[in-house]
Amino acid sequence: MANIILLGPPGAGKGTQAERLVAERGMVQLSTGDMLREAKSSGTEMGKRVAAVMEAGGLVTDDIVIGLIEEKLQKGAPGGFIFDGFPRTLKQADALAELLARRGMALDAVIELVVDDKALVGRIVKRADDARAKGLPVRKDDTPEVFEVRLREYYKNTAPLIGYYWAKQSLQQIDGMAAMEAVAAAIAKVLDKV
Ligand code: AMP
């Protein structure tokens, strides 16, 4: 049982790896992006409020995403939680530490998928094309223009978390440019040690 954060820019493969961990280890994936998209499509007040921000590639306010995470943490996860796309700011990271501490839970590892930025936009465009080919909904923020905004947000607000978790000795960096299987193996190695 381990609680982990998957950290990395958009298109790094966090969601793909999280899905594998859910299937293989019975962990629970907490993707704030998925939760926000769900709120958007179900037309809740909050969903309506965040839609424009998400489509423009900006960050939704800390209070909203912290509230979403708090709600899900209450349900517990015997196999452990995977935080995917959360935290994205230092304020969110502090809030997560507090939420976990209050429940006597540990953060076992922060796994950074280290990727080459230049390859990311190609991955995002491919994700949109694959969805289109399968007749699945295409994310409105998976365009080269919005991707650039998302990448900037990442460097401005989220990349500082690398130093934050390194200082706490929780950071594990793995090569996110390796093949999907190799990335999964590297994550498994980290999980088997914690
Ligand atoms: P993702 O699916 O993780 O790429 O998230 C899609 C969009 O949802 C982001 O571009 C943000 O607009 C919003 N979002 C997701 N997670 C967070 C978060 N932790 N903090 C703020 N905004 C978020």
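Q: Which residue in E4 does Leu 6 stand opposite?

A: Leu 6 stands opposite Ile 111 in E4, where the strand label follows the rule that helices (H or I, at least four residues) and strands (E, at least two) are DSSP runs, numbered from the N terminus. This is a predicted model, in which local features need pLDDT of at least 70 and side-chain atom pairs count only at pLDDT 80 or more, while totals for chains, interfaces and linings use all residues. Residues are numbered from 1 along each chain as its sequence is written, and side-chain values use heavy atoms, with hydrogens and water left out.

Q: In which sense does E4 pair with strand E5, and over how many bridges?

A: Two strands pair if DSSP finds at least two bridges between them. E4 and strand E5 (residues 171-175) pair in the parallel sense over 5 bridges, with Ile 111 opposite Gln 172 in E5; E1 and E4 also run parallel, joined by 4 bridges.

Q: How many of the residues of strand E4 are buried?

A: A residue is buried under 20% relative accessible area, exposed over 50% and partly exposed in between (1.4 Å probe, protein chains only). Strand E4 (residues 109-114) is mostly covered, as 5 of its 6 residues are buried.

Q: Which residues touch the most other members of the largest nonpolar core?

A: A nonpolar core is a set of buried Ala, Val, Leu, Ile, Met, Phe, Trp, Tyr and Cys residues joined through side-chain atoms within 4.5 Å. The largest one here has 33 residues, of which Leu 36, Ile 69, Leu 73, Phe 83 and Tyr 165 touch the most other members. The elements that give two or more residues to this core include strand E1 (4-7), helix H4 (62-73) and strand E3 (81-84), and H4 gives the most, with 6 residues. Apart from this core lies another, of 21 residues, among them Leu 21, Leu 113, Leu 151 and Val 183.

Q: How many aromatic pairs are there, and how are they judged?

A: Rings of Phe, Tyr and Trp (its six-membered ring) pair if their centres lie within 6.5 Å; planes under 30 degrees apart count as stacked, over 60 as edge-to-face and the rest as tilted. The count by this rule comes to 4 aromatic pairs. The rings of Phe 81 and Phe 83 have centres 6.0 Å apart and planes at 35°, so this pair is tilted, and both residues are buried. For Tyr 154 and Tyr 155 the centres are 5.3 Å apart and the planes at 80°, so that pair is edge-to-face.
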